[in-house]
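Let's walk through this structure together, one feature at a time.

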Amino acid sequence: MHSVRNSVPLAMTDLVPVLLFASSMGILIADTRNVVFAIGVGFVLAAALFQVIGKLIAAIRKQERVTKNQTVFRPLMAVGLLLMVIGFFLMFRTGTRSGSFFRQYVMCHPAIVFLGFSIVGFCLMGVVRTQHSEEEFASSAALNWEAEGIHIFSQIFLLLTIVFTKINAGTL
C-alpha cells in the first residue's frame with residue numbers, strides 16, 4: 001500500500017531543513033573548530049540524510065517506508081545530539097565561546113528575535129509530533145506537510161540567528 005507521506009515532492013521537501021541545518025552547523029563548526037560538536041553534527045546529518053533517502057526511495061517505489069529506517073535513524077540522531085550538547089559545553093569550558101559572547105552577540109537584536117522564532121518552531125514541532133500517532137502521520141499528507149513547514153520555519157530562523165550573531169560580532 002502506498003503511503004501519502006511518501007510522495008516524491010514531500011521527500012524532496014524533507015531535504016530543505018537538512019540543508020538549512022547543514023548550513024547553520026557549518027558556520028558554527030568553522031567558527032569554533034570544536035571536533036566533538038562537528039562529529040555530533042556529522043551523526044545528525046547522517047541520520048537526517050538516511051531518513052530523506054529512505055523516504056525518497058519509498059516514494060519512488062510507491063512503497064511504505066521501511067520501519068527498519070527508524071532502527072538506524074534514532075540511534076544516529078541520539079548519539080549526534082548528545083555529542084553536539086557535549087561539544088557545546090566544551091565550547092564554554094575551552095573558551096571558544098563564553099557566556100559574555102552569547103550575552104553580547106546572541107542576546108541582542110535581531111539575533112535574539114530569530115532565536116525566539118526558532119525555539120517556538122522547534123517547540124511546535126514537538127507538540128505536533130506528540131499530539132499525533134505514527135499511524136496518523138503515515139496516512140495524512142496534510143499532517144506531513146504541516147510538520148515539514150514547521151521544520152523549515154525553525155531551521156530558517158536558526159540559520160538567521162547564527163548569521164545575525166556573526167553580524168553582531170562583526171565577523172561576517
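Predicted model: local features only at pLDDT ≥ 70, side-chain atom pairs only at ≥ 80, totals over all residues.

If you look for F117, you will find its place in helix α6.

Now turn to a pair of helices. Helix α2 covers residues 15-32 and helix α3 covers residues 35-61. Their axes lie 10 Å apart, and the two helices pack at an angle of about 170°. Angles over 145 degrees count as roughly antiparallel, and α2 and α3 are therefore roughly antiparallel to each other. On the α2 side, the contact is made by L15, V18, F21, A22, M25, L28 and I29. Helix α3 answers with F37, A38, V41, V44, L45, A48, L49 and V52. What kinds of residues are these? The contact of α2 with α3 has 15 nonpolar residues, with no polar and no charged ones.

Finally, look at charges. Side chains of opposite charge can pair when their charged atoms come close. The whole structure holds 2 salt bridges. In one of them, the side chains of D14 and K55 meet at 3.0 Å, N to O. This pair links distant parts of the chain, 41 residues apart: D14 sits in the loop between α1 (8-13) and α2, while K55 belongs to helix α3.

Note on methods:
Residues numbered from 1 in each chain as written. Heavy atoms only, no water. Axes fitted to C-alpha atoms, helices over the stretch in contact; angles between N-to-C directions. Helix = DSSP H or I, 4+ residues; strand = E, 2+ residues; numbered from the N terminus. Parallel < 35°, antiparallel > 145°, perpendicular 65-115°, else oblique. Contact = heavy atoms within 4.5 Å. Nonpolar A, V, L, I, M, F, W, Y, C, P; charged D, E, K, R; others polar. Salt bridge = Lys/Arg side-chain N within 4 Å of Asp/Glu carboxyl O.
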